[in-house]
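Welcome! Take a moment to look at the protein below, and then we can walk through it together.

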Amino acid sequence: MWAHDLIASINANRNLVVDILHLSPPCQVFSPVHTIVGKNDQQNFDSLFACCALVHSARPRIITLEQTFGILHPKFEAAFNSLIQIFTSYGYSVSYQIVQFQNYGLAQTRRRLIIVAAW
C-alpha cells in the first residue's frame, strides 16, 4: 500500500491497528551504482522520509525497513542519521545490519540494509 493511502486509512478508521509496518522506500538514489542524476532522484530521496508520517499515524509495535547498503556511505550520513532519529524520537529501539541475501537463497549477490525498530 502506498504511504498516503495507509495514512488516509488510519485517519479514516481510528480502530485500525497496525502491529507491524514494513517500509521499502525507493533506493536508487542511495545505490552505489547510481552515477547519473535521474529525474526522480529528489522524489525518491524525499520518499525515505515519508516514513515519519506513517510512524506518527500508525504507531506500530514493530517497524522493518529495507534499503540499499549505499545509504551508509558517508555522503548520505545526514539522511541515515535523520531516518534513525525519526524512529528514536517516537520511542523505538533501533538496530540495523547489512544482510547478504544470497545467504538466504536469493540467486544473486545482494546486500541490503535491514532496520528493525520496536517498542
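## Two strands side by side

Start with isoleucine 20, which stands opposite isoleucine 62 in strand β2. Keep in mind that this is a predicted model. Isoleucine 20 belongs to strand β1, residues 20-23, and β1 pairs with β2 (residues 62-68) in the parallel sense, over four bridges.

Which residues of β1 lie on its covered face, and which on its uncovered one? Leu21 and Leu23 are on the covered face, while Ile20 and His22 are on the uncovered one. In a regular strand, side chains alternate between the two faces of the sheet.

## The overall layout

Now step back to the whole protein, which has four helices and four strands. Read from the N terminus, the elements follow the order α-β-α-α-β-α-β-β. The radius of gyration is 15 Å, close to the 14 Å that the globule rule gives for 119 residues, so the protein is as compact as a globular protein of that length.

The C-alpha trace spans about 45 × 35 × 25 Å along its principal axes. Of the 119 residues, 34% are buried. Among contacts between residues at least 6 apart in sequence, 67% join residues at least 24 apart. The protein exposes about 7,500 Å², and carbon and sulfur atoms supply 55% of that area.

## Rings that meet

How many aromatic pairs are there? The count comes to five. One of them joins phenylalanine 45 and phenylalanine 49: the ring centres are 5.8 Å apart and the planes are at 55°, so this pair is tilted. Phenylalanine 45 is partly exposed, at 25% relative accessibility, and phenylalanine 49 is partly exposed too, with a relative accessible area of 24%. Both residues belong to one aromatic cluster, formed by Phe30, Phe45, Phe49 and Phe76.

Why does the pair of phenylalanine 80 and tyrosine 96 count as edge-to-face? Their ring centres are 4.9 Å apart and their planes are at 80°; planes over 60 degrees apart count as edge-to-face. This pair links distant parts of the chain, since phenylalanine 80 is in helix α4 (residues 77-89) and tyrosine 96 in strand β3 (residues 93-100), 16 residues apart. Phenylalanine 80 is buried, with a relative accessible area of 7%, whereas tyrosine 96 is partly exposed at 46% relative accessibility.

## A charge over a ring

Finally, look for arginine 111. Its charged end sits over the ring of phenylalanine 69, 3.8 Å from the ring centre.

Note on methods:
Residues numbered from 1 in each chain as written. Predicted model: local features only at pLDDT ≥ 70, side-chain atom pairs only at ≥ 80, totals over all residues. Heavy atoms only, no water. Buried < 20%, exposed > 50% of the residue type's maximum accessible area, 1.4 Å probe, protein only. Pairing = 2+ DSSP bridges. Phe/Tyr/Trp six-rings, centres within 6.5 Å; stacked < 30°, edge-to-face > 60°. Lys NZ or Arg CZ within 6 Å of the ring centre and 35° of its normal. Rg over C-alpha atoms; globule rule 2.2 N^0.38 Å. Contact = heavy atoms within 4.5 Å. Areas by Shrake-Rupley, 256 points an atom, 1.4 Å probe, with all protein chains shown as cover.
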